[in-house]
Amino acid sequence: MINELLLQFAEWLYATGWSRAIEESFYLYNWIETTHVLTVMLSLGMLIFIDLRMLGFVMPTVSAVKIAQRLNIAMMVGFAIMFVSGLLLFYAKPVYTIQSIWFRIKMLLLLGAFVNAVIFHKRMMASAGTWDNEPKAPRHLQVGAALSLGLWAGVVTTGRLIAYDWYSCYRDLPGLLSWAAGCVAE
Amino acid sequence: MELLPLSFFEWAETSFLGYIGKNYGGIYATFGQSLHLISLAVLGGSVLVSDLRLLGVLLKDVPSEVVADQAHKVFRIALIFIIATGVFMAAAIAQKLFYNAAFWAKMYALIAGILFVFLVRRPLLKGDHSQLNPLTVKLVAVASILVWISVAATGRWIGFS
């Protein structure tokens with residue numbers, strides 16, 4: 001049921017003029033994609049620095065909470081660009097993307113990374129001031145930072161794999177995989 | 001202009017790395033492409049953290065020497081990973097790359113970037129930043145951001161051309 005609805009929505013998006021215009025424009029589509037890829041330097045670049053600081057790998061002499069707070073704005077600007085360019089990429093190829101198992105895993109990992117970040121931020125602020133100047137964050141925050149790195153590595157990997165059609169609906173997929181990819185019987 | 005002869009690219013494709021990349025799509029996409037992108041995030045992050053600090057955009061209350069030193073450490077590790085994964089990807093499609101203009105553009109941008117980092121930026125930023133002309137420091141930061149964005153963008157366009 002949910003797969004039928006998602007597909008109908010994607011087909012409706014596909015039929016809109018702008019969606020066709022973006023996908024059919026060589027330069028527009030590829031530059032949006034380039035923007036999406038290059039902005040990982042800002043969004044994930046800052047995020048990785050924050051997480052590595054928590055784990056004690058970079059800037060151990062600088063307050064960890066300070067690093068997190070100072071890099072936060074640049075990171076958020078990066079994620080805003082990622083979000084907008086990502087939406088446009090989805091809008092240009094909605095039917096293909098909604099039926100990509102990689103895209104679906106990527107969205108789940110993104111959700112996980114978001115929840116992890118919210119919990120991490122809450123816990124960091126709750127204990128801020130007691131450990132900031134230690135080279136490493138307390139164990140529970142280190143776990144959050146490591147989880148963050150792992151989840152984002154998964155987001156990048158599955159994001160890159162969306163381009164591959166190994167598990168696309170036109171192939172003969174086993175039942176569960178076919179459902180998970182969002183394939184709908186004709 | 002090509003830096004290496006076609007015969008080198010023909011050999012690369014028949015090498016062990018080329019064979020793996022060509023015949024195992026999953027390994028190519030994950031250990032090649034995805035790891036290359038993750039390395040890009042780390043490398044780009046290290047470049048931006050130190051250059052935006054030099055430009056006075058972020059971490060203004062942390063000494064720029066500390067930021068530049070720490071970021072450079074991360075940069076070197078990321079550079080090793082990004083070159084290793086890049087060589088792996090290139091080997092699999094070496095002959096196609098020889099005729100790809102974006103590939104050569106990227107190689108020139110990359111060489112420029114590496115020379116700039118190790119011959120200009122790093123030697124300059126090694127010492128006390130207060131002894132440097134502030135304008136020089138800002139120009140170096142802008143040049144650094146531009147050269148690495150060029151490397152990444154021409155790299156992405158290898159796949160489009």
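Reply: Let's start with helix 2 of chain A: what covers its buried residues includes helix 1 (2-14), helix 3 (26-38), helix 5 and helix 6 (94-98) of chain A. Keep in mind that this is a predicted model.

Me: Which residues are buried in helix 2 of chain A?

Reply: In helix 2 (residues 17-24) of chain A, the buried ones are A:Ser19, A:Arg20 and A:Ile22. They sit on the same side of helix 2 of chain A, because they cover an arc of only 165° around the axis.

Me: And what's exposed on the other side of helix 2 of chain A?

Reply: A:Gly17, A:Trp18 and A:Glu24 are exposed there, on the other side of helix 2 of chain A.

Me: Why do residues three or four places apart point the same way in an α-helix?

Reply: An α-helix has 3.6 residues a turn, so residues with that spacing of three or four places point the same way.

Me: Switching to cysteines. How many disulfides are there over all chains?

Reply: One, from a search of the whole structure. The disulfide joins A:Cys169 to A:Cys183, with 2.0 Å from S to S.

Me: Where do A:Cys169 and A:Cys183 sit in the chain?

Reply: A:Cys169 is in the loop between helix 8 (139-161) and helix 9 (175-180) of chain A, and A:Cys183 is in the segment after helix 9 of chain A. They're 14 residues apart, and the pair links distant parts of the chain.

Me: Is that disulfide left-handed or right-handed?

Reply: Left-handed, because the torsion about the S-S bond of A:Cys169 and A:Cys183 is about -90°.

Me: What about accessibility, is A:Cys183 buried or exposed?

Reply: A:Cys183 is buried, at a relative accessible area of 17%. A:Cys169 counts as partly exposed, with 27% relative accessibility.

Me: OK, A:Gly56 next. Where is it?

Reply: A:Gly56 is in the loop between helix 4 and helix 5 (64-92) of chain A. At 24% relative accessibility, A:Gly56 counts as partly exposed.

Me: What is A:Gly56 in contact with, leaving aside its neighbours within four places in sequence?

Reply: A:Gly56 is in contact with A:Pro135 and A:Lys136. A:Gly56 and A:Pro135 are 79 residues apart in sequence, yet their C-alpha atoms are 5.2 Å apart in space.

Me: And A:Asn116, buried or exposed?

Reply: A:Asn116 is buried, with a relative accessible area of 12%. That residue lies in helix 7 (residues 101-127) of chain A.

Me: Which residues does A:Asn116 touch, not counting those up to four places away in sequence?

Reply: A:Asn116 touches A:Gly144, A:Leu147, A:Ser148 and A:Leu151.

Me: Let's move over to chain B. How many helices and strands are there?

Reply: Chain B has seven helices and zero strands. Along the sequence, the pattern reads α-α-α-α-α-α-α.

Me: What does the C-alpha trace of chain B span along its principal axes?

Reply: About 55 × 30 × 25 Å. Of the 161 residues in chain B, 51% are buried. As for contacts in chain B between residues at least 6 apart in sequence, 81% of them join residues at least 24 apart.

Me: How many cavities of 30 Å³ or more turn up?

Reply: The count comes to one cavity of 30 Å³ or more. The largest cavity holds about 30 Å³ of space.

Me: Which residues line the largest cavity?

Reply: The lining is B:Ser46, B:Val47, B:Ser50, B:Ala68, B:Ala71, B:His72, B:Phe75 and B:Arg121. Helix 3 (25-54) and helix 4 (64-92) of chain B are the elements that give two or more residues to that lining. Helix 4 of chain B gives the most, with four residues. By class, the lining of the largest cavity has four nonpolar, three polar and one charged residues.

Me: Last topic: what volume does the second largest pocket have?

Reply: The second largest pocket has a volume of about 460 Å³. Its lining takes in 20 residues, and A:Ile48, A:Leu52, A:Leu149, B:Ile38 and B:Val42 lie nearest its centre. The elements giving two or more residues to the lining of this pocket are helix 4 (43-54) and helix 8 of chain A, together with helix 3 and helix 4 of chain B.

Me: How does the lining of the second largest pocket split by class?

Reply: There are 18 nonpolar, one polar and one charged residues in the lining of the second largest pocket.

Terms used:
Residues numbered from 1 in each chain as written. Chains lettered and ligands numbered in written order. Predicted model: local features only at pLDDT ≥ 70, side-chain atom pairs only at ≥ 80, totals over all residues. Heavy atoms only, no water. Disulfide = S-S within 2.5 Å. Buried < 20%, exposed > 50% of the residue type's maximum accessible area, 1.4 Å probe, protein only. 1 Å grid on protein atoms, 1.4 Å probe; cavity = no way out; pocket = protein on both sides within 12 Å on 5 of 7 lines; lining within 4 Å. Points joined across faces, edges and corners; volume = space filled by probe spheres on them. Nonpolar A, V, L, I, M, F, W, Y, C, P; charged D, E, K, R; others polar. Contact = heavy atoms within 4.5 Å. Arc of directions from axis to C-beta.
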